[in-house]
Amino acid sequence: MTTRDLSRPRRPSSLQNRLQLGDWTFRTLTGLAGLVAMAVIVGAFYELGSQAWPAIKHGGISVLWDTSWNPGRQEFGVGVFVIGTLITSMFALVAATIIAVLVSLFLVEVAPGYISRPVSYLIELLAAIPSVVYGLWGIFVMGVFVRDHFGPVVVSTFGWIPIFDGTPLITGLFSACVILTVMILPTVMAVSRDVIAAVPRSQREGLMALGATRWEMIRLTVLPYARSGVMGAAILGLARAVGETLAVTLVIGNSVRIPDNIFSPAYTMASVIANQFPEATGLHQSALIEVALILLAITFIINIVARLLVWKVTGGHRAVVQE
Amino acid sequence: MTETQTTPSTMQVPPPPVVRAALGATVPVAKEAPPITIELRDVSAFYGKKLAVSGVSMSIRAHSVTALIGPSGCGKSTLIRTINRMHEFAPGARVEGSIIVDGVNIYGPGIDPARVRQRIGMVFQKPNPFPTMSIADNVAAGLRFMGIRSKSELRDRVESALKRAALWDEVKNDLKKPGIAISGGQQQRLCIARAIAVEPDIVLMDEPCSALDPIATLKIEDLMRELARDYTIVTVTHNMQQAARVSDQTAFMLMDPGDLAGHLVEYGPTSDIFTNPKDSRTEDYISGRFG
Amino acid sequence: MTSPGNSAILQQTAALYRRRRLVDRLMTGVMVVAVIVAVVPLFFILFYLLKEGIPGLSLDLFTQEPNRPGKEGGGVHNALVGSGIMVGLALLIGVPIAVGTGIFLSEYGQNRAGSFIRFFIEVMAGIPSITIGLFVYSLIVANQSGLLPVMGHFTAFAGALALAILLVPIVARITEEMLLLVPRSLREASYALGAPRWRTVLRIVLPTALPGIITGIMLGLSRIAGEAAALLFTALGNQFFSTDINAPMDSIPRRIYVYALGPYDYWHEQAWAMSLILVATILIISLVVRALFGSRVTVRS
């Protein structure tokens, strides 16, 4: 590569120019490596798009909300999976964000360093456990607990509310929600902790000097100040929750029907791919690839939204704070 | 250590008002000699194990302006932050000694710092209005902690505080705007309004003009003189002219090269400190020979 | 200027003050509860990994091939070797691309081109692994579009490629960060000697940042070592020992998945044992990295 560039007829005799050509080559090579990322995204859209094309032609846009998925009858509405994904990831998003923000507040505002550092590290370790191990634990430990202990208590206590009136099994919507919450917690926590720690000291002092209690200080300055950053953190967690596959596949029960209570077995977009793809052929396979394509598009959109939020946060900070 | 101990005790007793007037104090002195409201007794401040301020004892008079001066690193900002217990907000920071405000040791057992800070307001080096609150809400922030809910009372008190902070005329039409939508000088006066809205007894000002231009600085200085009628003001400044212009009493602090902690070198009426310092180090500093 | 008596205000608000302090303590309590809720799952998972995993550990697990389903005993030797081969291959493919990207972003990336590539790296980091698996499936295994002159069946290579796609964004981001940490003065010293930029980067900047980059690679490795979803439809799986990268290959995470779904107790036992090995490996990597390079970099998948 270098020699070829050097042979270009651009005054190669000049030392200055040769140095620039060396730099040019280096820059081009590393730039090409950088373009691999774009190639992967574009390639994924192209490949999945072309494989999904038969299903897209077959079902049109209405598959997105059509809830009849029956490969035998060539019906491929993904509505049920969209609902399953929505419920599980929204639950995980809300639960994980609330816990993560409270934990972050504890780590940043309350705990001394010798407590907050190890606690923070322990929670980050949750991110190091592979999805499939969560799934294994989900079935054999948590699922059993939900079926034998937690579920019956909930049903007998809140059973008069329709969404709690079900039959707790090892696998089901509820188990999937809990597993997802635990799995995205470290992601959301790490980001919201950093965002909360970045709230300027002057803001905290301003409120403390007025005689605020610690919680008043948090409520009136820290939380409003960190709000958009925490939203960014939540969205990062959402991206993980939506695409999370094997742990959910193992614990959600894999049933093609609209869940009517929190213990119903269900399906998410990712879990239906993992579960049905091995036996799928023809249009069925194409429809599953279409589901993957939808997941890819969601990832893309979530990233754009997150980017806009981050841009807003950093742009905002510069205007807001005179530090 | 030596200087605080050798500082003659007379230093710490401010002269009576008559003397002050004779010395040419620029403000009308309260008719009756006001009671002493802040008394520091052997106050030392630490960051972790590091001693930052060592054994300061001084009495600060009510309804007057007291300036803490000294070269950077002499502990004057740390000292002022002990007076409303903001010092201990820094991780690992602690205070020894006692500070008596209105007969009560604010470092005594069972005293809640939040309670202390409600009565001792503070203005910081850089204006720090809350960006997520409107101008009016900024001023009302402390009032809400006092349980004032009524809209009309809040409005009245916000207006009164903004007027006393000489800001009302400039912002009365923009009360809904965010607290950061105004200039730096206005922001600092907003922070002063925020501090005095709760009717504190004492207002601490930690280099309130260091981030401001000269015109904004003059306005704040005028305001400090004005506020001294109703409040006890303690201010830190690195600007000696400012101390000479606004303060009644001046305390000069210096870092001791031995223990690297700040000590009180000399404390007395401002005119004495600037015209007739007792300590040669004060004289060196005043005359610009170091610092 | 009538200032309302302070003592009156303070007395009037004594009850209010008690309530404020109560709310403050209550919320602190809520935070502590949240911390417990967040930390407990980790301990439960680690506890059960040890409790259920240790009984399954045996020499056979490491040295034997799987028996036919239903016949007790056997091991996962093929999956261990398969995981090793595919992770190694993924590093070979992914690391040069990732480090190149990181260099470009840190050295030439403070402009539009940089933010453009950074955006795609972020998107790439967010693609669900199952989607990556299907992408590689359709690119290589199905090969209907004919974009690549390859295969047309499940291969270890396809699995490694899917893992490499997972690896690149992780390593690229850490590489960029680490290169940006190299002090300016070091670069300037090199420029002052007349060295061109590319040589400065290769001879001075990269070696200085090497420990950090290796950290990034280790973290990426621990992320892909546990990945199963991306392998399901690329490397598939294999009952038998194989080192042929042009043939289906087994891996530990995929075998955990299969055994977890299966009906036999000894499968479940082996699944726990494999999980224990996997998590222990990942945690050891993470702890070593942390001990060597501090807390700046943490495991994030």
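From the N terminus on, chain C runs α-α-α-α-α-α-α-α-α-α-α. That is eleven helices and zero strands, where helices are DSSP runs of H or I with at least four residues, strands are runs of E with at least two, and both are numbered from the N terminus.

Before I go on, the ground rules. This is a predicted model, in which local features need pLDDT of at least 70, side-chain atom pairs count only at pLDDT 80 or more, and totals for chains, interfaces and linings use all residues. Residues are numbered from 1 along each chain as its sequence is written, chains are lettered from A and ligands numbered from 1 in the order in which they are written, and side-chain values use heavy atoms, with hydrogens and water left out.

Now chain C as a whole. Of its 301 residues, 53% are buried, and buried means under 20% relative accessible area, exposed means over 50%, and partly exposed is in between, with a 1.4 Å probe and protein chains only. Chain C exposes about 13,000 Å², and carbon and sulfur atoms supply 65% of that. These areas come from the Shrake-Rupley method with a 1.4 Å probe, and for residues only the protein chains shown count as cover. Among contacts in chain C with a separation of 6 or more, 70% are between residues 24 or more positions apart; a contact means heavy atoms within 4.5 Å.

Next, one pair of helices in chain C. How do helix 4 and helix 10 of chain C pack? Helix 4, residues 77-108, and helix 10, residues 252-261, meet at an angle of about 140°, with axes 8 Å apart. The axes are lines fitted to C-alpha atoms, for helices over the stretch in contact, and the angles run from 0 to 180 degrees between N-to-C directions. The two helices are therefore oblique to each other. On this scale, under 35 degrees is roughly parallel, over 145 roughly antiparallel, 65 to 115 roughly perpendicular, and the rest oblique.

Helix 4 of chain C brings Ala79(C), Leu80(C) and Ser83(C) to the contact, and helix 10 of chain C brings Ile252(C), Pro253(C) and Arg255(C). By class, that gives four nonpolar, one polar and one charged residues. Here Ala, Val, Leu, Ile, Met, Phe, Trp, Tyr, Cys and Pro count as nonpolar, Asp, Glu, Lys and Arg as charged, and the others, Gly among them, as polar. Helix 10 of chain C is mostly covered, with eight of its ten residues buried. Those buried residues include Ile252(C), Pro253(C) and Arg255(C).

Staying in chain C, look at Ser222(C), in helix 9, residues 197-225. Is Ser222(C) buried or exposed? Ser222(C) is buried, at a relative accessible area of 4%. Its side chain reaches the backbone oxygen of Leu219(C) at 2.9 Å. The C-alpha atoms of Ser222(C) and Ile282(C) are separated by 5.2 Å, although the two residues are 60 apart along the chain.

Chain A, briefly. Chain A has eleven helices and two strands, in the order α-α-β-β-α-α-α-α-α-α-α-α-α. Buried residues make up 57% of its 323 residues. The accessible surface of chain A is about 13,200 Å², with 66% belonging to carbon and sulfur atoms. Residues 24 or more positions apart account for 71% of the chain A contacts with a separation of 6 or more.

Last, chain B. Helix 3 of chain B, residues 76-83, is largely enclosed by the rest of the structure, because eight of its eight residues are buried. Among them are Lys76(B) and Arg81(B). After helix 3 of chain B comes Arg85(B), with a positive phi near 60°.

Most residues other than glycine have a negative phi. Asp102(B) has a positive phi of about 55° and is not a glycine. Asp102(B) sits in the loop between strand 4 (93-101) and strand 5 (104-105) of chain B and counts as exposed, at 52% relative accessibility. Leu260(B) also has a positive phi, near 55°. Leu260(B) lies in the loop between strand 9 (249-255) and strand 10 (262-269) of chain B and is partly exposed, at 46%.

Note on methods: Polar contact = N/O pair within 3.5 Å; in protein donor to acceptor, adjacent residues only side chain to side chain.
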